[in-house]
Amino acid sequence: WGAGYADIIKENKLFEQYYQELKIIPEGEWEQFMEALREPLPATIRITGYKSHAKEILHCLKEKYFKELQDLEVDGQKIEAPQPLSWYPDELAWHTNLSRKILRKSPLLEKFHQFLVSETESGNISRQEAVSMIPPLLLKIAPHHKILDMCAAPGSKTAQLIEMLHSDMDIPFPEGLVIANDVDNKRCYLLVHQAKRLNSPCIMVVNHDASNIPRLQIDCDGKKDILFYDRILCDVPCSGDGTMRKNIDVWKKWTTSNSLHLHGLQMRIAVRGVEQLAVGGRMVYSTCSLNPIEDEAVIASLLEKSEGALELVDVANEVPGLKWMPGVTSWKLMTKTGEWYANWSEVPQNRHTQIRPTMFPPTDPEKLKEMKLERCMRILPHHQNTGGFFVAVLVKKASMPWNRRHPKVQNKGAEPAAEAEKTPAEIADEAGEAAVEDKPKDLEVSMESTVQQDGVCGPPPSKKMKLFGFKEDPFVFLSEDDPVFTPIQKFYNLTPNFPKMNVLTRTHEGKKRNLYMVSKELRNVLLNNSERLKVINTGVKVWSRNNDGEQFGCAFRLAQEGIYTLYPYINARIITVSVEDIKVLLTQENPFLSKLEAQSHAQAKQLGMGSIVLRYEPDPKNQEAPQCPIELCGWRGKTSIRAFVPKNERFHYLRMLGVEVFREKRQDDSSEAMAEGEKEGGDRGSMSMETEVDGEQNVEPPKADTE
């Protein structure tokens, strides 16, 4: 929260000279613009998670933490309470000028800080820059959409996409999917961490160069077809001069050659995106740069190459409350040594490798007018105290011209238009995905498919593409008659429509340790693209092997991360619990069954030992209690019962129930509390609960089995 690098001088004469000449800042606002760039960026948080849970966290934030901050003073400085971003729906995004330093100075602020850290770790709050929340909003996502996030790491936008896909919490498997890609293998794992917090069976993380991401096949009614995406997020690598408030290094390093070097890559990624977009689909192109060479130049070039297949969407009314400037229609180029070029004809021969024709505005005024470049959005830092940002929304009205070629072997008498309309796999395979004039053929990935037997999806062979990083375990789908299902089906009384085909494991040999689930659509992608896709992670864990359970009828216990996916199919092993029951279960190590309220106690006594679901159903008449359903995994012992919930999630649920969870920093390590904390796997410090549960003030919630 807040700034660092105080010693870097926030000045760059070339930057000022360049942008003043381009006139991208409205007249009379230059000083405000520069002042805003020199100020640290306000911290922004977004409440993540699915609808009803997000509402509960918002309620907790507003009614408790923000109220406590209202009249607070630290070192004589009045604390400004966080404010909602006016343009983000349902008050789910907030910004504040609180710095890390201030957060640690007051006990009340320390509680707020811990709340933020803990809720971030359990995936309920996301630190995300305000402007980066805009592209997913403009994609207008529905639960049935197939979505590609081309340059996804670190993953805050991906998280938004997943949430939008699951906007209806009653559907455990939306028909849509999110494929999140990044070229950097290490950053892919960051992406996995962000995405996994949302526990969705509809997300897959892959590791490819976005400018050459393979075209995927799917099985469609027994025939091979190409996967075209309904929505594509194309948030390309950029020079990042819109991030100067956060990345102070940019002041020192900024030069015009950064944009000149990146333009070609941005073009290739955007071209690859529109090739894979379905007709009627939407692609959002965005950068955190203010430079037209990375922004409007790429869009204008795409529109020109598309020959009418693409159109810029007018999104003026799609984010009410957001202030933005229209895209520019004229710009010039400047080299780092200060020479200016207004069009391609002025560029000397020896500069032709660094400067390309696509970097200039279209010369034909009619063509320029038709493009409607003013529909692009430019977000300037001084208008709403944000970073700088560029975003454009494209809709695809027809196939790209270079994808309309007919296959070499054509049915006699077939109409060319009909061929173009078809777009099945065989047409693309034979026509190749050949491309834009400047797209070398050797960049294309071979499309031959050799789908493996037994539903196994292994890593792609190195002869087809260079693979870096770790070799991932295979994804092995279980067959419907796999013997592992018999005891599971019986023990949990699974509904007949439970999709066994969607269950996978990560090993060929030996006992299956964990079982994961993916949606039907992701299964289709995995099985049909084993040769061309480098999958880093997919699937949500639903069961974990627990050999102790075998004696009670099932060797697999439920996993908390998959419980919301699995719950609709479970008909047995369910105990309905109250708010008071959850408090007991989350603050006591192994409470006796008798600690539960009468109704829950009676249900628990009816069940044998083993894995259970603890289900809380909201009561609309009691508005004080949480208004969203809660499902927790647990274990019914001989005389006791326990919840199997990771520590940060415990704190999250306790806060939702009005229990204050606070870690006190202590020096005295001989204290009984600290010893208790260490015994339970806590760090140096203890937890105090301001709400007493059953007359017992417990030191720290029990350590969860997070295996």
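The secondary structure of the protein chain comes to 22 helices and 32 strands, in a model that is predicted. Of its 707 residues, 58% count as buried. Among contacts between residues at least 6 apart in sequence, 74% join residues at least 24 apart.

**Packing of α10 and α11**

- Two packed helices are described by the angle between their axes and the distance between the axes.
- For helix α10, residues 257-276, and helix α11, residues 296-306, the angle is about 45 degrees and the axes lie 10 Å apart, which makes α10 oblique to α11.
- The crossing in which α10 passes α11 is right-handed.
- On the α10 side the contact is made by His263, Gln266, Met267, Ala270, Val271 and Val274, and on the α11 side by Ala297, Val298, Ser301, Leu302 and Lys305.
- Sorted by class, the residues in the contact of α10 with α11 are seven nonpolar, three polar and one charged.

**Packing of α5 and α21**

- Helix α5, residues 107-121, and helix α21, residues 647-656, have axes that come within 8 Å and cross at roughly 120 degrees; α5 and α21 are therefore oblique to each other.
- The crossing of α5 and α21 is left-handed, whereas that of α10 and α11 is right-handed.
- From α5, the residues Gln114, Phe115, Ser118, Glu119 and Glu121 meet Asn648, Phe651, His652 and Arg655 from α21.
- By class, the contact of α5 with α21 has two nonpolar, four polar and three charged residues, while the contact of α10 with α11 has seven nonpolar, three polar and one charged.

**Aromatic pairs around α1**

- The structure holds 22 aromatic pairs, and one of them is formed by Phe15 and Tyr19, whose rings are edge-to-face at 5.0 Å centre to centre, with 70 degrees between the planes.
- Phe15 and Tyr19 are four residues apart in helix α1, residues 13-22, and so are separated by about one helical turn; both residues are buried.
- Tyr19 also forms an aromatic pair with Trp254, and this pair is tilted, with 6.0 Å centre to centre and 45 degrees between the planes.
- Because Tyr19 lies in helix α1 and Trp254 in the loop between α9 (249-253) and α10, the pair ties together parts that are 235 residues apart in sequence.
- Trp254, like Tyr19, is buried.
- Ring pairs link these residues into a cluster that consists of Phe15, Tyr18, Tyr19, Trp30, Phe33, Trp251, Trp254 and Trp340.

**Backbone geometry in loops**

- Most residues other than glycine have a negative phi, and most peptide bonds are trans.
- Against that background, a cis peptide bond joins Ala153 and Pro154, with omega about 5 degrees, and Pro154 has its place in the loop between β7 (146-149) and α7 (156-165).
- Glu91, a residue other than glycine, has a positive phi near 55 degrees; Glu91 sits in the loop between β4 (83-84) and β5 (93-96) and is partly exposed, with a relative accessible area of 30%.
- Asn199, which is not a glycine either, has a positive phi of about 50 degrees.
- The loop that holds Asn199 runs between α8 (185-196) and β9 (203-206), and at 23% relative accessibility Asn199 counts as partly exposed.

- Asn529 is found in the loop between α17 (520-528) and β24 (535-538), where Asn529 is buried, with a relative accessible area of 1%.
- Although Asn529 and Arg215 are 314 residues apart in sequence, their C-alpha atoms are 9.2 Å apart in space.
- When neighbours within four places in sequence are left aside, Asn529 is in contact with Leu216 and Gln217.

Notes: Residues numbered from 1 in each chain as written. Predicted model: local features only at pLDDT ≥ 70, side-chain atom pairs only at ≥ 80, totals over all residues. Heavy atoms only, no water. Axes fitted to C-alpha atoms, helices over the stretch in contact; angles between N-to-C directions. Helix = DSSP H or I, 4+ residues; strand = E, 2+ residues; numbered from the N terminus. Parallel < 35°, antiparallel > 145°, perpendicular 65-115°, else oblique. Left-handed = near helix turned anticlockwise from the far one by under 90°. Contact = heavy atoms within 4.5 Å. Nonpolar A, V, L, I, M, F, W, Y, C, P; charged D, E, K, R; others polar. Phe/Tyr/Trp six-rings, centres within 6.5 Å; stacked < 30°, edge-to-face > 60°. Buried < 20%, exposed > 50% of the residue type's maximum accessible area, 1.4 Å probe, protein only.
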